[in-house]
Amino acid sequence: MPCRVGITRNPERRKAEWEREVVGLRNWKEEYVGSKSKAQTLENRRWEICRSIGNRGRCYAHHGGGDPDAWGWYVYDFDYDLVR
């Protein structure tokens with residue numbers, strides 16, 4: 001069971017996008033962070049924890065994108081079965 005970690009300013013829209021891209025999305029968690037730099041730091045930390053523990057299978061994250069000066073960022077992660 002792989003997992004995915006990411007950041008977004010619109011978690012509802014992003015979750016809907018992931019539901020179309022993967023099969024078996026579950027355990028969706030999101031946390032409001034605020035600034036993009038803080039969100040990316042937390043994203044990196046969650047990705048490293050996921051990788052180091054290894055109990056969630058392979059963990060993926062894609063860094064970059066979005067306006068670094070915009071406010072209102074969330075960090076999210078979830079588990080899934082496979083990519084469509």
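These legends describe close-up views of a predicted model. Residues are numbered from 1 along each chain as its sequence is written, and side-chain values use heavy atoms, with hydrogens and water left out. Because the model is predicted, local features need pLDDT of at least 70 and side-chain atom pairs count only at pLDDT 80 or more, while totals for chains, interfaces and linings use all residues.

**View 1. Strand S1 is mostly covered.** S1 runs over residues 3–8. Helices (H or I, at least four residues) and strands (E, at least two) are DSSP runs, numbered from the N terminus. Six of the six residues in S1 are buried. Buried means under 20% relative accessible area, exposed means over 50%, and partly exposed lies in between (1.4 Å probe, protein chains only). Cys3, Val5 and Ile7 point one way from S1. Arg4, Gly6 and Thr8 point the other way.

**View 2. S1 pairs with strands S4 and S5.** Two strands pair if DSSP finds at least two bridges between them. With S4 (residues 59–61), S1 pairs in the parallel sense, over three bridges. Look for valine 5 opposite alanine 61 in S4. With S5 (residues 71–79), S1 pairs in the antiparallel sense, over six bridges. Here arginine 4 has phenylalanine 78 of S5 as its bridge partner.

View 3. H1 spans residues 11–21, and its buried residues are Pro11, Arg14 and Trp18. An α-helix has 3.6 residues a turn, so residues three or four places apart point the same way. The face turned away from the buried side carries the exposed residues Glu12 and Arg20. The buried residues of H1 pack against S1, S2 (22–23), S3 (26–35) and S5. Contact means heavy atoms within 4.5 Å.

**View 4. Threonine 8 is a buried residue of S1.** Its relative accessibility is 5%. A polar atom of the threonine 8 side chain lies 3.1 Å from the backbone nitrogen of asparagine 10. Leaving out residues up to four places away in sequence, threonine 8 touches Arg14, Gly72, Trp73, Tyr74 and Tyr76.

**View 5. Aspartate 77 makes a polar contact with arginine 46.** Aspartate 77 is in strand S5. Aspartate 77 is buried, with a relative accessible area of 4%. The two side chains meet at 2.9 Å. A polar contact is a pair of N or O atoms within 3.5 Å; within protein, one must be able to donate a hydrogen and the other to accept it, and residues adjacent in sequence count only if both atoms are side-chain atoms.

**View 6. Ring pairs link Trp18, Trp28, Tyr76, Phe78 and Tyr80 into a cluster.** Rings of Phe, Tyr and Trp (its six-membered ring) pair if their centres lie within 6.5 Å; planes under 30 degrees apart count as stacked, over 60 as edge-to-face and the rest as tilted. The structure holds six aromatic pairs. One of them, tyrosine 76 with phenylalanine 78, is stacked, at 6.3 Å centre to centre and 15 degrees between the planes. Both residues are buried. The rings of phenylalanine 78 and tyrosine 80 have centres 5.8 Å apart and planes at 50 degrees, so this pair is tilted. Tyrosine 80 is buried too.
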